Amino acid sequence: MYLHMGQDFIVREQEIIGIFDIDTTSTGKRTREFLERAENEGAVVSMSNDIPKSFIVTDFPYETVYLSPISSAALAGRAKKPGLL
(Lines give C-alpha, C1' and ligand atoms only; values in the text may rest on other atoms or scores of the structure.)
Protein backbone atom coordinates (compact mmCIF):
# COMPACT_ATOMS: atom_id res chain seq x y z
CA MET A 1 0.00 0.00 0.00
CA TYR A 2 0.98 3.60 -0.55
CA LEU A 3 0.49 6.67 1.62
CA HIS A 4 -0.33 10.00 0.01
CA MET A 5 1.65 12.53 2.08
CA GLY A 6 0.44 15.71 0.41
CA GLN A 7 0.93 17.55 -2.89
CA ASP A 8 2.15 14.91 -5.36
CA PHE A 9 4.16 12.84 -2.87
CA ILE A 10 3.48 9.20 -2.11
CA VAL A 11 5.53 6.59 -0.29
CA ARG A 12 5.18 2.87 0.25
CA GLU A 13 3.88 2.24 3.77
CA GLN A 14 6.58 -0.35 4.55
CA GLU A 15 9.23 2.34 3.96
CA ILE A 16 7.80 4.56 6.73
CA ILE A 17 9.77 4.62 9.97
CA GLY A 18 7.47 7.11 11.66
CA ILE A 19 5.02 9.98 11.33
CA PHE A 20 5.55 12.80 13.81
CA ASP A 21 3.73 15.98 14.81
CA ILE A 22 6.22 18.77 14.22
CA ASP A 23 4.93 21.03 17.03
CA THR A 24 5.11 18.48 19.82
CA THR A 25 8.28 16.63 18.80
CA SER A 26 10.48 19.53 17.68
CA THR A 27 10.64 20.87 21.23
CA GLY A 28 12.94 18.00 22.19
CA LYS A 29 16.69 18.52 21.88
CA ARG A 30 17.36 15.19 20.16
CA THR A 31 14.60 15.73 17.62
CA ARG A 32 15.94 19.19 16.79
CA GLU A 33 19.44 17.69 16.41
CA PHE A 34 18.06 14.92 14.19
CA LEU A 35 16.19 17.37 11.94
CA GLU A 36 19.21 19.68 11.75
CA ARG A 37 21.50 16.77 10.80
CA ALA A 38 19.04 15.61 8.15
CA GLU A 39 18.86 19.15 6.76
CA ASN A 40 22.67 19.42 6.64
CA GLU A 41 22.89 16.07 4.85
CA GLY A 42 20.31 17.11 2.26
CA ALA A 43 17.86 14.45 3.42
CA VAL A 44 14.91 16.81 4.03
CA VAL A 45 12.20 17.22 1.41
CA SER A 46 9.70 20.03 1.88
CA MET A 47 6.42 19.13 0.18
CA SER A 48 4.89 22.59 0.30
CA ASN A 49 5.61 26.25 0.87
CA ASP A 50 3.10 26.12 3.74
CA ILE A 51 4.23 25.74 7.34
CA PRO A 52 4.75 22.00 7.95
CA LYS A 53 2.46 20.29 10.44
CA SER A 54 4.24 16.95 10.47
CA PHE A 55 7.29 15.11 9.28
CA ILE A 56 7.58 11.59 7.95
CA VAL A 57 10.81 9.60 8.24
CA THR A 58 11.37 6.91 5.62
CA ASP A 59 14.19 4.45 4.99
CA PHE A 60 14.16 4.16 1.19
CA PRO A 61 16.38 4.55 -0.70
CA TYR A 62 18.08 6.11 2.31
CA GLU A 63 16.81 7.88 5.40
CA THR A 64 14.69 10.81 4.21
CA VAL A 65 12.59 13.32 6.15
CA TYR A 66 9.50 14.68 4.41
CA LEU A 67 7.96 17.89 5.78
CA SER A 68 4.21 17.74 5.19
CA PRO A 69 1.46 20.36 5.47
CA ILE A 70 -0.90 17.55 6.56
CA SER A 71 -1.30 16.76 10.26
CA SER A 72 0.29 13.64 11.68
CA ALA A 73 -3.15 12.40 12.82
CA ALA A 74 -4.54 12.68 9.28
CA LEU A 75 -1.51 10.91 7.80
CA ALA A 76 -1.65 8.12 10.37
CA GLY A 77 -5.37 7.75 9.64
CA ARG A 78 -4.63 7.45 5.94
CA ALA A 79 -2.00 4.82 6.65
CA LYS A 80 -4.43 2.91 8.91
CA LYS A 81 -1.42 1.58 10.79
CA PRO A 82 -1.53 1.82 14.56
CA GLY A 83 1.79 2.81 16.05
CA LEU A 84 2.92 5.10 13.23
CA LEU A 85 1.87 8.20 15.11
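Let's start with one serine. The side chain of Ser48 reaches the backbone nitrogen of Asp50 at 3.0 Å. That's a polar contact, meaning a pair of N or O atoms within 3.5 Å; within protein, one must be able to donate a hydrogen and the other to accept it, and neighbours in sequence count only if both atoms are side-chain atoms.

Before I go on, a quick word on ground rules. This is a predicted model, so local features need pLDDT of at least 70 and side-chain atom pairs count only at pLDDT 80 or more, while totals for chains, interfaces and linings use all residues. Residues are numbered from 1 along each chain as its sequence is written, and side-chain values use heavy atoms, with hydrogens and water left out.

Okay, back to Ser48. You'll find Ser48 in the loop between β4 (44–46) and β5 (54–58). When I say strand or helix, I mean DSSP runs numbered from the N terminus: H or I of at least four residues for helices, E of at least two for strands. Is Ser48 buried or exposed? Ser48 counts as buried, because its relative accessibility is 13%. The cut-offs are under 20% relative accessible area for buried, over 50% for exposed, and partly exposed in between, with a 1.4 Å probe and protein chains only.

Ser48 also touches Gln7 and Pro69, leaving out residues up to four places away in sequence. A contact here is heavy atoms within 4.5 Å. Gln7 sits in the loop between β1 and β2 (9–12), and its phi is near 50°, a positive value in a residue other than glycine. With a relative accessible area of 47%, Gln7 is partly exposed.

Now let's zoom out. How many helices and strands does the protein chain have? There are 3 helices and 6 strands, and along the sequence they run β-β-β-α-α-β-β-β-α. The chain has a radius of gyration of 12 Å, close to the 12 Å that the globule rule gives for 85 residues, so it is as compact as a globular protein of that length. That radius is taken over C-alpha atoms, and the rule is 2.2 Å times the number of residues to the power 0.38. If you like boxes, the C-alpha atoms fill one of roughly 30 × 25 × 25 Å along the principal axes. Of the 85 residues, 38% count as buried. And among contacts between residues at least 6 apart in sequence, 48% join residues at least 24 apart.

So what's on the inside? The largest nonpolar core has 11 residues, among them Leu3, Met5, Ile56, Tyr66 and Leu75. By nonpolar core I mean buried Ala, Val, Leu, Ile, Met, Phe, Trp, Tyr and Cys residues joined through side-chain atoms within 4.5 Å. The elements giving two or more residues to this core are β1 (2–6), β3 (16–21) and α3 (72–79). There's also a second, separate core of 8 residues, which includes Ala38, Phe55, Val65 and Leu67.

Next, helix α2, where we find Leu35. Leu35 is buried, with a relative accessible area of 17%. Beyond residues up to four places away in sequence, Leu35 touches Val44, Phe55 and Val65. Leu35 and Val65 are 30 residues apart in sequence, but their C-alpha atoms are 7.9 Å apart in space.

Last stop, the charges. The count is 4 salt bridges, a salt bridge being a side-chain nitrogen of Lys or Arg within 4 Å of a carboxyl oxygen of Asp or Glu. One of them pairs Arg12 with Glu15 at 3.7 Å, N to O. Here Arg12 is partly exposed at 35% relative accessibility, whereas Glu15 is buried at 10%.

Then there's Arg37, which bridges to Glu41 with the closest N and O atoms 3.3 Å apart. Arg37 also meets Glu63, at 3.5 Å, N to O. Shared partners join Arg37, Glu41 and Glu63 into one network. Of these, Glu41 is exposed at 54% relative accessibility, while Glu63 is partly exposed at 36%.
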